Structure formats: structure tokens, C-alpha cells
Amino acid sequence: MAEFLFEALGISKSFPGVMALQDVSLQMREASIHALLGENGAGKSTLIKIITGIHRPDAGELRLAGTPIELTSPRDAMAKRIGVVHQERNLIPRFSVGENIYLEQLAGRPLKPLRYPELYRQSRKWLDLLDLDVDPATPVSRLSVAKMQLVEIAKALALDSRVLLLDEPTASLTPHETVTLFKVLKRLRDDGVSMLFVSHKLEEVGELCDQVTVLRDGRNAAHSQPLQGLGRQDLVQLMIGRKEQIADWPARNFAAATPALALKGVSTILGHRDIDLTVKRGEILGLYGLVGAGRTELAKCIIGQFAVTEGSVEIQGKAVKIASVADAIHRHGIGYVSEDRKAEGLILMHSVLANAGITVWRNLGRHGLPLTDGRIRSRIEPFVRRLEVRTPSLAQLVGNLSGGNQQKISVAKWLAAGVKVLIVDEPSVGIDIKTKAYLHELLRELSDTGTAVLVITSDMPEMITLADRIAVMNDYRIEGTITNTRDYEEMSSRIMSLIHRVEAA
């Protein structure tokens, strides 16, 4: 019997202008959970695409149970029981949950009659395993981002994979959903499945994984070594070449500050009721709640995507009617970084320059001045550099960047726009530790210049790091607002007590 269930040995891969991987190796044992770590652009996604047959390596080989294999397509990988949950969701919105879960199996037998009651019965097994209370007949388009992610995981589990790759599977999940997922993964491990777990959340890696491979600049910084004995700072040192820098910001007092955005008695077409919420100039207000609390939906009502039916929205102390997203951006100076960058935040077939510059076109084109690439570049380049976007050039298509670098672009465009109010929905999804720290510093600096920032995040440590105050939301209502002391134990307890108090009522 082979010592390793799956091996990638001496893998190299280049693209025009980029050496993505150079002599990278990884060896996964049976019945283990193996962490794959590295900064955005370190080569993790490229390695996963090689292991799943999307790309072919320029050098090196793959082995399954000691036998060399060649993977020419994703379906070839599936046939060898290699499954993957990608960072970006690959679901068909108009298809039902059940159809998406069994899509690959259905594609292999196109002439066989489809028995929906049986399909939905089988789907229910995987949904129950993930504690996901969704009717399998529901179209995926009706689900939240977090529930879509769980369906993506159910889809991979339904393939009965022997080797399972999980690329940021918890990025949009709540702590409760993450706990449920980890129980499932540990059960799969105990049943003999070998898993490759990619995450920027090192606490999760420490809790779940037993081996670790670290990539830095497309090379091995660590190769399939035991995780035991490696602390957080050891892993950070391997990933970025230095220790982590922890923000220690002083408390700020906004008692005398003027409101930049205020919601008074707001109800919306989506079901929000009696929302009172104020973000003052220069303040970072956190909006915390479990999935389904209505946070993202409220943000989309603020920016005019959905209607406010009662109450008033005030910008800089004046009541306004925000008729559309364009109205929010250009008339009222409100920016929105979407949690779903692929569908809402970026135009994947356009360049980095076009995506990062789209918010400044109107301003640069005023007074009859020509809208040139040079003028756009001078406005956006400082933010692209500060966020360390890994791209061969600003002419690169955004769709060709890693997920983390795409997230950087979706943030950079609003920093360049100089908005008065910035709503940031799950800002650190899919980005590495160093970039996350830079992003936090940028948001803090942005607020120091007077910009009001509303941060929606399911990452409790991020919330407590960033926010001056935290509003807790449940069932489309604001249940309380508390001043952030940045004492993690105290704040997490107060936040969760507000949520559980409401649920128990």
C-alpha cells in the first residue's frame, strides 16, 4: 500500500508573463486533512486547478495511491474520485438545489428519464448532513450567498470523493455553519477521505488540519509537514516572510461628530421594520448578525437597489430619496463593496484598469477633459499598489486574477472614488493575512479623513478589530448597538447575547 493517497511532485506551471508554480510538491495521507496556505497569488489556486484537471502542469507529475496519473479535464478528475469546492461558486442559478447537487451525475446520462422525487430525496441526505434547511426544489437563485456555498459543498460530497479539495469553504459561512461543516469534514476524514483545506483563517487550520504545505511566490515554503508544534506566528512567517503585525488602535469618541448616514424608522420592500441606524463622519460602524438577519439586504436598500417603503434616509443631515444605485454613487457619494464580487462587484471580462477606474470616470470626464487611460491610471494606481494586487499589468483581465486579487480590485475602485459613505460587505472574503491587515489600515485611514464606513462581516475578530460601534441585527431588525471596547471575550459575549435573547423570546 502506498504511503500517500495523493501526491503532486515537482509541479511547475507558467502563464504569459507569470511563473505561477516552480517545483512545488505536496503529499496527502489517507484519512487526513491537509492545509494549503499562502498569500493571494502564491500559487494555491493554480495548484488546485492542476490537481482537478483544469490546467496541465509544464513539469512534474501527479500520483494517486502511488500510481502516476494524467488529468486532462475536470471530469477526468471526478472519474478518479477527486472532488473540489471552489472559492467561486459554480452553480446554475435557474436550476434547483437538487439539480445542482447532482448536476455531474445527470450530465453523464442525458437520455435517462429524470425522476425528480428520487432526485430530491437523495439531495435531502446531503442537505441534512450540512444542517441546511432548504427545499431541494428551490431555485439556487433564491438562496443567500452562504447557503449557495453550502450547496456547493453538498455537490462535492455527493460525488463520493476520495480526495476532496476545499478552497475557502467557510469564507461566507457563519460560525454555527462552520462548526457544522467541520463536524462533517472530521467524519469524512474518519471514513478515509483525504482533504486539502485552503483557508486564510489560521484558527480554522489549527482546529481542523494535521499536515500543512505553505506556498510563497509559487514555491514551497513548507512541504507536507506536521501542523503540530507550529503556532500562528510560525505559519505567518512561512507565508509572508515576517511576523504578523497586530493593529492596536486607540478608542475614538464620536459624540460630537455629525451623522453622515442616518436611517430613521426605515422599513423596506424586503421586510425590514423600524430600522434606526446612524453612521457618523469618520466612524466605522459594524453590522453583525447571523445569515438571514437582513444585513446585506439592508445595504442594498440604502444604495437604491430595493425600495425604502417607510421612514427616512438622511445623508449629511438631509433627507434624500435614493432612486437607483447610480443615484447613490454619483449624487450622494455612497460606495458599496459587494460580498459577491463575481456577480455584482466586477466585470470579469474587462481589465484591471477598467474595473478599478469605473467609479472615477464621471468625475475625471467633467469640464470637457479627455478621459484617458493615463489619467485613470494616476488615480487608481496608488490603491492598486497599496493593496499589492498581483497582476502582470493593469491591462490584465480581472477574470484571470485569483479570487483574493479580485477582491482587492473591488475595494480599490471605491478607495479611488473618494466616497463620503462606504459600505463594505464581507471585506476580507478570500484575502490573505497581510492584505487583510492592509485593508483594515486603509479603512481606518479612510475613516480618519472623514469617510463614514459601514462594515458587514461574519468574522467576529474582524468586527471587533475594525468597528467603533457594533449594531446587532436579527430578523431584519436592529436589536441593539454597543460601543466596541475591543475586548474580544466581552464583545463576543455581548453580541451573541443580543442574538440569543431575541431568538429565545
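The model is predicted, so local features need pLDDT of at least 70 and side-chain atom pairs count only at pLDDT 80 or more, while totals for chains, interfaces and linings use all residues. Residues are numbered from 1 along each chain as its sequence is written, and side-chain values use heavy atoms, leaving out hydrogens and water.

**Helix H5**
- H5 covers residues 116–129, and its 14 residues reach 20 Å from first C-alpha to last, close to the 20 Å expected at 1.5 Å a residue.
- Leu119, Ser123, Trp126 and Leu127 of H5 are buried, meaning under 20% relative accessible area.
- Seen down the axis of H5, these buried residues fall within an arc of 100°, so they line one face of the helix.
- They pack against helix H3 (97–101) and H6, where contact means heavy atoms within 4.5 Å.
- After H5 comes aspartate 131, with a positive phi near 55°.

**Helices H6 and H7**
- H6 (residues 145–157) and H7 (residues 175–190) pack at an angle of about 10°, and their axes are 12 Å apart.
- The two helices are therefore roughly parallel to each other, a label for angles under 35 degrees.
- On the H6 side the contact is made by Ala146, Leu150, Ile153 and Leu157, and on the H7 side by Glu177, Leu181, Val184 and Leu188.
- By class, this contact has seven nonpolar residues, one charged and no polar.

Terms used. Axes fitted to C-alpha atoms, helices over the stretch in contact; angles between N-to-C directions. Helix = DSSP H or I, 4+ residues; strand = E, 2+ residues; numbered from the N terminus. Parallel < 35°, antiparallel > 145°, perpendicular 65-115°, else oblique. Nonpolar A, V, L, I, M, F, W, Y, C, P; charged D, E, K, R; others polar. Expected span 1.5 Å × (residues − 1). Buried < 20%, exposed > 50% of the residue type's maximum accessible area, 1.4 Å probe, protein only. Arc of directions from axis to C-beta.
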